[in-house]
Amino acid sequence: MPYAIPVGLVVLALVLAGLMPGSVRSRLLHRLPEAAEEYFVVSRVPMMRGPTRITFRDVVILAEHARTVSYVRNYRGKWAVVRRKVGFTKDQIDLEIEQLLGGRVELSPLSGMWLLRMSFGEAVWLSVLVVYLWIGGRQTWRVRGERRYWAYGGVVLAAWALVGIVVWPIVAELVASVRAEWTLSAALYVTAATFYLAASAVAVYVFWQDLRLRCRQCLHRLRMPVEDGVTGSMVVDPSTEATVCIYGHGTRIVGRWQDTWTPAGSYWEELLKASAR
Ligand SMILES: [Zn+2]
């Protein structure tokens, strides 16, 4: 059953999402209510030696004293998100916040900041998927018959991505639950992010090894490895291992210098061509 893996992964992601407590789920679905031109991200314009990020104290000042905005939230410890009150212009908000915080600030519409609103896990897996699309797209461009094979790989990888995206908020929530000085919690965050990246790399490796061992036509796992050549000899007759599809679709040959897939059809065509000569 070639589809057992993606189905299993999707079920795993759904179970994880169903079991997680509400605080983690809100982190997963953390999207702020978005309406263009209503919400703004406030960031400081860096000065010679001044602060470059909006601190929690700034957010408290804005929440207590700003009269042009109604909604103030700290965002990722670096920005503030504010909502324009009806009847005020962006310039008025700008002016008031600059007066309250004592420094120049910049307001960018939240709608244009979708990259910032992506979580770390989403960013990691989106880039993995983009790289796969690039590789698979080039392959299907060259070999027409393998479209289904690369599409299958895309489905499996998307299922892995789903699990990865669900797991990240759990990691982030665990790190956030540790009460410590900000230097320590920053170090914890970096450590957690590194482990997450390493785990994602392992997942991609497992995925790739599984995909390469599948028949390009029927997607079943290849069987019956046959060793050939001399082990240890690198140039004259390097050892290769051939695995075949048990339904007779083709052969994959792996050696030190090669990793090729030969469809059965083209093999017979080659033979016929050779005998016709
Ligand atoms: Zn096959």
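This is a predicted model: local features need pLDDT of at least 70, side-chain atom pairs count only at pLDDT 80 or more; totals for chains, interfaces and linings use all residues.
Local features are taken only where pLDDT is at least 70 and side-chain atom pairs only at pLDDT 80 or more, while totals for chains, interfaces and linings use all residues. Residues are numbered from 1 along each chain as its sequence is written.

**View 1. The largest nonpolar core has 21 residues.** Such a core is a set of buried Ala, Val, Leu, Ile, Met, Phe, Trp, Tyr and Cys residues joined through C-beta atoms within 7 Å. Val128, Val156, Leu157, Trp160, Ala161 and Val163 touch the most other members. Helix 5 (120-142) and helix 6 (147-177) each supply at least two residues, and the largest share, 14 residues, comes from helix 6. Helices (H or I, at least four residues) and strands (E, at least two) are DSSP runs, numbered from the N terminus.

**View 2. Another core, of 18 residues, lies apart from the largest one.** Its members include Val41, Ile54, Val82 and Leu110.

**View 3. Ala80 sits in strand 3 (residues 79-84).** Ala80 is buried, because 28 other C-beta atoms lie within 10 Å; the cut-offs are 20 or more for buried, 12 or fewer for exposed, and partly exposed in between, with C-beta atoms placed from the backbone. Beyond neighbours within four places in sequence, Ala80 is in contact (C-beta atoms, placed from the backbone, within 7 Å) with residues including Val42, Ile54 and Tyr75.

**View 4. Strand 6 (residues 240-244) and strand 7 (residues 250-255) run antiparallel.** Five bridges join them; strands pair if DSSP finds at least two bridges between them. Thr240 stands opposite Gly255. Five residues lie between the strands of this hairpin, where Gly248 takes a positive phi near 75 degrees.

Conventions
Two residues are in contact if their C-beta atoms, placed from the backbone, lie within 7 Å.
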